[in-house]
Amino acid sequence: MSEARACTVLGDVPVGAVVARGDEILAAAGNAREHLDDPTAHAEILALRAAAKAAGSWRLDDCTLFVTLEPCAMCAGAIVLARVGRLVFGAADPKAGFVGSLGDLVRDERLNHQVEVVSGVLAEESSALLKDFFRERR
C-alpha cells in the first residue's frame, strides 16, 4: 500500500507492487508511467525487473508478487514469463484486469506456466485509494 500511495505524489495512478521470496523483499515499485513517460512502467513490470536483477535470474518461480490492483494483460503476461509462483492482489479491475475479470492469462492451461492466485487481499483499501485518486482528478 505504501508503494501505491507514493505514486500519487508524481501524478501516477496509485498501484504498488512488491516481489518477495519467502520473508525477503526483493523489489518494490509503484506505477511510474507519468514520471518516466513510459507506457510500460506499471508497478508490476518495474518490480519484476528489479526482482530479477536482485535474484540474479529472470526466473522468479520461488517468489510471490503482491500488487494492489488486478494486473492488466501486459502485466499478467510478464508474470507468466517471469514464472512467478504466486500472485496476491487487492482490488479487482473490471475494465482492464486479466487475472479473472476480462480474462485469466496467469492460469491459462494452454501456457507452459500457471500462477497460483490469491485475490481480494486489502481490496477495500486498494479500491478506496484508487477511487480517491480519480475523484481528485475530476
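**Exercise 1. Helix α4**

Which residues of α4 are buried? Then place the helix among its neighbours.

*Solution.* Keep in mind that this is a predicted model.

Step 1. Go along the helix, which spans residues 73-81. C75, A76, G77, A78, I79 and V80 are buried in α4.

Step 2. Look for the cover. The elements over these buried residues include α3, β3 and β4.

Step 3. Go past the end of the helix. R83 follows α4, and its phi is positive, near 60 degrees.

**Exercise 2. The nonpolar core**

How many residues has the largest nonpolar core, and which have the most contacts inside it?

*Solution.* 

Step 1. Count. The largest nonpolar core has 37 residues.

Step 2. Pick out the centres of contact. V19, L48, I79, L87 and V106 have the most contacts inside this core.

Step 3. Ask who supplies the core. At least two residues come from each of β1, β2, α3, β3, α4, β4 and α5. α3 gives the largest share, six residues.

Step 4. Zoom in on L87. Leaving out residues up to four places away in sequence, L87 touches L65, V67, P71, I79, V99, V115, E116, V117 and V118. I79, another of the residues with the most contacts in the core, is on that list.

**Exercise 3. The aromatic pair**

Which two residues form an aromatic pair, and how are their rings arranged?

*Solution.* 

Step 1. Search the whole structure. One aromatic pair turns up.

Step 2. Name the pair. F133 and F134 form it, with 5.1 Å centre to centre and 80 degrees between the planes.

Step 3. Classify the angle. Planes over 60 degrees apart count as edge-to-face, so the F133 and F134 pair is edge-to-face.

Step 4. Check accessibility. The cut-off for buried is under 20%. F133 is at 5% relative accessibility, so F133 counts as buried. F134 is at 33%, so F134 counts as partly exposed.

Technical notes. Residues numbered from 1 in each chain as written. Predicted model: local features only at pLDDT ≥ 70, side-chain atom pairs only at ≥ 80, totals over all residues. Heavy atoms only, no water. Right-handed = clockwise from strand over helix to strand, strands pointing away. Helix = DSSP H or I, 4+ residues; strand = E, 2+ residues; numbered from the N terminus. Phe/Tyr/Trp six-rings, centres within 6.5 Å; stacked < 30°, edge-to-face > 60°. Buried < 20%, exposed > 50% of the residue type's maximum accessible area, 1.4 Å probe, protein only. Contact = heavy atoms within 4.5 Å. Core = buried A, V, L, I, M, F, W, Y, C linked by side-chain atoms within 4.5 Å.
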